[in-house]
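Thanks for coming. I will go through a few local features and then one chain as a whole.

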Amino acid sequence: MSNGGGSYNAQNDSRAGSTGEPDLGTEPTGGFFSADYKKHDDLKQMLDSNKDNLKLEAMKRIVGMVAKGKDASDLFAAVVKNVVSKNIEVKKLVYVYLVRYAEEQQDLALLSIATFQRALKDPNQLIRASALRVLSSIRVPVIVPIMMLALKDSVVDMSPYVRKTAAHAIPKLYSLDPEQKDQLIQVIEKLLADKTTLVVGSAVMAFEELCPDRVDLIHKNYRKLCNLLVDVEEWGQVVIINMLTRYARTQFLDPNQQDVIADEDKNFYGDEDEKDSEEEEEDEEKEKTPPKKPYMMDPDHRLLLRNTKPLLQSRNAAVVMAVAQLYHHIAPKSEVGLVAKALVRLLRSHREIQHVVLSNVATLTTIRKGMFEPYLKSFFVRPSDPIHVRTLKLEILTNLATETSISTILREFQTYVTSSDKDFVAATIQAIGRCASSISEVTETCLNGLVGLLSNRNEYVVAESVVVIKKLLQMQPDSHSEIIQHMAKLADTITVPMARASILWMVGEYSDRVPKIAPDLLRKMAKNFINEEDIVKLQILNLAAKLCITNPKQTKLLCQYVLNLAKYDQNYDIRDRARFIRQLVSPAGEKGALGKHAKKIFLASKPAPVLDSSFKDRDQWQLGSLSHMINQQASGYSPLPDFPAAAPDPTVRNVEVPMPWAEKTHKKKAGKPKKEAFYSDEEEESESESDSEESSSSSSESGSESESEDDSKSESGSDKDKKSDEEAESSSSSSSESESSSESESDSESESEPDTKPQKKAPPPKTKSSTKPKKEAKQEVSLLDLDDIDVSSTSAPVPAPASALDVLSPSLASDLQGLSINDKTDTAISVTTPMFVSTTSHELLHRMTGEGLSANYRFTRGTCIYSTSMVPVELTFTNHTDSPVSNIRIGDKKLQAGMTLQEFPEIPSLPGGGSMSVSIGIDFKDTIQPANFQICTQDRKYNVSIKPPVGELFQAVTMAEADFTAQQSKLTGMNENSGKVSIPSQHNNSKTITARMSELANVAPVPSSQDGIYRFAGKTVSGGTLLLITVKVGEDNSASITVNCELMAICSMLVKEVKQKLSLA
Amino acid sequence: MIHSLFMINSAGDIFMEKHWKSVISRSVCDYFFEEQQKANSPEDVNPVISTPHHYLIHIYRENIYFVAVCTTEVPPLFVIEFLHRVVDTFTDYFGDGGESAIKDNYVIVYELLEEMLDNGFPLATESNILKELIKPPNILRTVVNTVTGSSNLADTLPTGQLSNVPWRRAGVKYTNNEAYFDVIEEIDAIIDKQGSTVFADIQGVIDCCVKLSGMPDLTLSFMNPRILDDVSFHPCVRFKRWEAERVLSFVPPDGNFRLISYHVGSQNMVAIPVYVKPNISFREGGGRFDVTVGPKQTMGKMVESVVITCAMPKVVLNMNLTPTQGTYTFDPVAKVLTWDVGKINPQKLPNLRGNISLQSGSPPPESNPAISVQFKIQQMAVSGLKVNRLDMYGEVSKSSPKKSFTFEKYKPFKGVKYLTKAGNFQVRT
């Protein structure tokens, strides 16, 4: 609980500070003390008057004083009286004042408490909230019990805004009286269970401040938090993501630890689909929980990764960074890469944001080089960058340098070297040095470049180059004597101490390579010894000692001279060194034991320095944290725990009431990393301003005003008012989008059958899955099989409703019963077998172009074996030559973004004259963009493309007529397209029309109760978007066609095609 | 999280402070001043400063340092992003976020800060919500206020906080319904001495001004959405629709806001609309300066508002130049040459040439200064992005007992404007 302790201390600190503060405040005004005093007097008068505008004027001036940091505490008594003011403006300003000074005048502050207690019962939620806010902000320990009571009341307030304020009050109360912790944790527990997006962010914030280690409170809310995440306000998102990162590190296994084992039998689980289905089959998995099985990602772990991904698109840099660190710390290696793009985007932002992002990127690049390589150029330095940004960019460029990119980077560095900012040039030269040392191919080039810089006119540049060259030469000293010579010469001109020291050290170290120059250099240095800097003097001593050992004849005397000079130096380090060297090199008496080894001691080969990134050690901190920025532990920082060796029990995250539909919705949704807005898309049409507001309250709590109205309405007039039904429908479907609707309502007593019925009945087209379990609830056995086929990869056996019923709360049970009764009348939308399967195939590869090999493709309209979002296509290869064609496979794929293509297993050989069919799956993402790919044989490649007819993007579904019309009414406006056509009389019968329609598109007829109206339904394979076609045959063979689909492009195309098809003679 | 906030002007005065928890003495800013002294320019101060007991995180905008004091671990970006949001709000309220604006409106500023943070954690940061809680000042109201003595606080308490569209206030009504979209693209480029492109990149934003009654639901579609490589959205945009259909579907906030910012894939070649032919040379005591600007790939559009700036080396004493077009100024203190070219006429290319005089005795600079270019091209988005259509669903005709008013469908006035301008466009010489 370092956190709590820290904040408590901090508070003591600052309290100490604030007692000192009045002096500070009055000091500057001391000169005008009498005038000031008078001024306060008239302020008091104004506050005492009974005119609001005078009071307001006075309060404004007082707030001005507070804002400037001047002391206004002597007005406390006069101000606090006005807390009862009716004028909201005055009141607000009094609050501001009160919060600032209550701590200092506790007794007087107590006078205001009664007002707040009254305000806490106000019907207006904003007044309640602000009363709670101020009450909790005045730091008066005496009122802790009152605050506690108010807090407990507010936590169950029906307004989410008040509950949010309550969450904020928790840390305040805690810092005032840490002994309340246990009670407060109970409050937090309640708030964490809240389903409102407005509240959860603040609840998690309170959790983080008080008890970040109580993971047990999170278990039950984990999935809810993941699912709500996209809709939480930005600041809450940051807090939640950070908390979930830590949670994931304690609850899930390291996704990267078992890479090796994973390779062994990849086929079993390497497949993404497989993984998905694994996730769905949660209950099953629990039973078998294989302890020693190869790594399999926990479905909850995956859920977190999936639901955070869309947040990379947030406009808030803090959110993007939070997601990036989440991926860095808990995602499998292969997936971390996708955060790079978002991080690079942040570099366009304000300079402070750049700075923080760059320093995090710098750390990332030390570990994950490849991730940022494509964005190399984004890190090029601009002259307008502030110095700290430049240095970070250099760091990153250096970290990113590889054999391939080094030439670009070096060219870039060359331009930096000419910059007028000397610090930057120095940093660049060091960066060049690091590149040279890490990439051996360019060491030589860099060295030459640096030597070139030695003739630069700027001394700093030369000096820095010398230092870097020294380091480089140390790594490979052979064959560079001419550089050493050159540098020795520089010693005459260069004055920067560090550079001189480097030169001397180098000449001493490699004196055998420059035997003539070295003694001469020592001579020159000795002459000027007393004027040198300390660091240079030390190196002169070193040089003298080394030369004395290797070349005593010439340098013995010189060395004695230098040592004598050093003996009387002011700096005792130098005196010490001199004494030490004298004993080793030229002892007064006979050579001691050490003296014999002098050569070994001085001329031992030294290890080359390792030039490492200065960000190497920053990896120990959690990315994006303050501690990471300052590279030291900030108070309140708790290090990320390591992944556990064995995963803790995953069942703790199960919510007591397993709501099959709720679970399913989440799972299915989570499959697509998409933002689910507060309102589902259907709402666009059916929802008005008023109920869009209500849907939030309905999703949160059944108590709020608007909702109860809504309830009562649908209760009383459920059949008479179709519109209100629809309203309830859409609002409830919207809530089921983001959270389990029924879960959220479980404790609401006012919930009644007419209200729940539409909620369950009308599934929004996209959330098809949410209806499925319900259907299962009705006839589990028969449909389950179908289900398995239809969503083989995503669906899972659902716990039988009977068992679910056992644990349901009474109200829920009744819900469920109501549901099953209602369900008798309507059939859910379910995928069915196609009505018609075309046998005609299209040419993919002509045998002339294919040099004897031809290929045809055909849409089989089945369920794709690879993935449910793919359109199955059958490819038939025919070999028209005599000789066999071998190794037929799919080569490069040039697909539109988002599209995927599942290849067929390679055909090893196709005998002459033979033919063979294989099937592939293409996820067209509901567009008619052609899929371009190559068919490769052993020695040839052919570019081919498959363009799907629009009708093949669908899967036939069956639904009831009532459902059909309900859905249709939602897909109006832009999502509706219609046209007129005249059908030739001989074809104007149901059979032909149905046949033609199913030929055209993979749709199924919907049983129609009216003559002359034919309805067909389907859904897109990839996105699961509903498609509804209505053909209304009127008199004289004219027919009107209506197509409803959310995908507008497809809508209009279909109308055209249907027209053509039906008008065929 | 955020403990206190200090605002410090360029003279080093702490002219406003606000504390959300207990009061922290303003002496904590001494650490900041220490750090500030070390820096060469105001931008160079490290945004995150660690002191023995506190952590100072600041931003520098509008010549003011906004210094936030934190006492415990907090994501630095969280604080920085929030501070920027605060300044954005000020700018939104007062027209500019500068010192004088803040001082003039200190009561509003204080109230805003009070609403935006509670106990150091952000509470309401959406400008639409804030504007309901605290009315922005305007001239008329100031006059009225001085006469009647009321202030800018909202008289009635808003209900907007509870709307599930947190960025939009309820009950908006306009007589003229209009929606304007500005597609603004900026070219970031580094051009080397030879005129070839070292690095070029297109960043774009769509800024909107939407004044529509009710709760309109808008759908904006593009002719060629695929060129958008990386996007970030205002929270109002439905990410799902974008993923599935590449259309922007959203309930807009009221007023001005940034809908999306995007980055155009780098695989697309960037058409560089202007070229700069610099010829700068230095010798002992002086030098020559000769720069020509010309249009390159402009797709037939006029390049306007061309401004060329060049930060000369410190040894330059003065410059004596003659432009064929426009005006030039040389600031002998900051050593910055600014040449306001205006429009580029392809027939007669603008040119600026003349002599440079250096401080006597000092050696001529070794490197030539980089030139940065500003320009604007109206009615063109350089990436080729085109808005296809904008559809609106503004139906609010449900009768609900609470909200009895109904709107009939209205036809808004819609407009899209394209603009290309130079972002960080630099020519190395």
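I start in strand 5 of chain A, residues 885-894, which contains A:Asn887. Keep in mind that this is a predicted model. A:Asn887 is not a glycine, yet its phi is positive, at about 55°. As background, most residues other than glycine have a negative phi. How exposed is A:Asn887? Its relative accessible area is 25%, so A:Asn887 is classed as partly exposed, given that buried means under 20% and exposed over 50%.

There is a second case in chain B. B:Lys335 also is not a glycine and has a positive phi, here about 60°. Where does B:Lys335 sit? The residue is in the loop that links strand 18 (327-331) to strand 19 (336-342) of chain B. B:Lys335 has a relative accessibility of 9% and therefore counts as buried.

Back to chain A, for a pair of helices. Helix 31 covers residues 497-509 and helix 32 covers residues 517-527 of chain A; their axes come within 10 Å and cross at roughly 140°. The crossing of helix 31 past helix 32 of chain A is left-handed. On the helix 31 side, the contact uses A:Arg500, A:Leu504 and A:Val507. Helix 32 of chain A brings A:Ala518, A:Leu521 and A:Met525. By class, the residues in this contact are five nonpolar, one charged and no polar.

Now a sheet in chain B. Four strands form an open sheet in the order 14-15-20-17, and the pairing is antiparallel. Which strands stand at the edges? They are strand 14 (274-283) and strand 17 (316-323) of chain B; each has a single partner strand, so one side of each has no neighbour in the sheet. On average, neighbouring strands of this sheet are turned by 15° against each other, with direction ignored.

Strand 17 of chain B runs antiparallel to strand 20, residues 351-358, and seven bridges join the two. One residue pair to find on the display is B:Val316 with its bridge partner B:Leu358 in strand 20 of chain B.

Last, chain B overall. Its secondary structure consists of seven helices and 23 strands. Of the 429 residues in chain B, 60% are buried. Among contacts in chain B with a separation of 6 or more, 68% are between residues 24 or more positions apart. The accessible surface of chain B is about 16700 Å², and carbon and sulfur atoms account for 50% of that surface.

That is what I have for today.

Definitions and conventions
Residues are numbered from 1 along each chain as its sequence is written. Chains are lettered from A and ligands numbered from 1 in the order in which they are written. This is a predicted model: local features need pLDDT of at least 70, side-chain atom pairs count only at pLDDT 80 or more; totals for chains, interfaces and linings use all residues. Side-chain values use heavy atoms; hydrogens and water are left out. Two strands pair if DSSP finds at least two bridges between them. Axes are lines fitted to C-alpha atoms, for helices over the stretch in contact, and angles run from 0 to 180 degrees between N-to-C directions. Buried means under 20% relative accessible area, exposed over 50%, partly exposed in between (1.4 Å probe, protein chains only). Contact means heavy atoms within 4.5 Å. Accessible areas come from the Shrake-Rupley method with a 1.4 Å probe; for residues, only the protein chains shown count as cover. A crossing is left-handed if the near helix is turned anticlockwise from the far one by less than a right angle, and right-handed if clockwise. Ala, Val, Leu, Ile, Met, Phe, Trp, Tyr, Cys and Pro count as nonpolar, Asp, Glu, Lys and Arg as charged, and the others, Gly among them, as polar.
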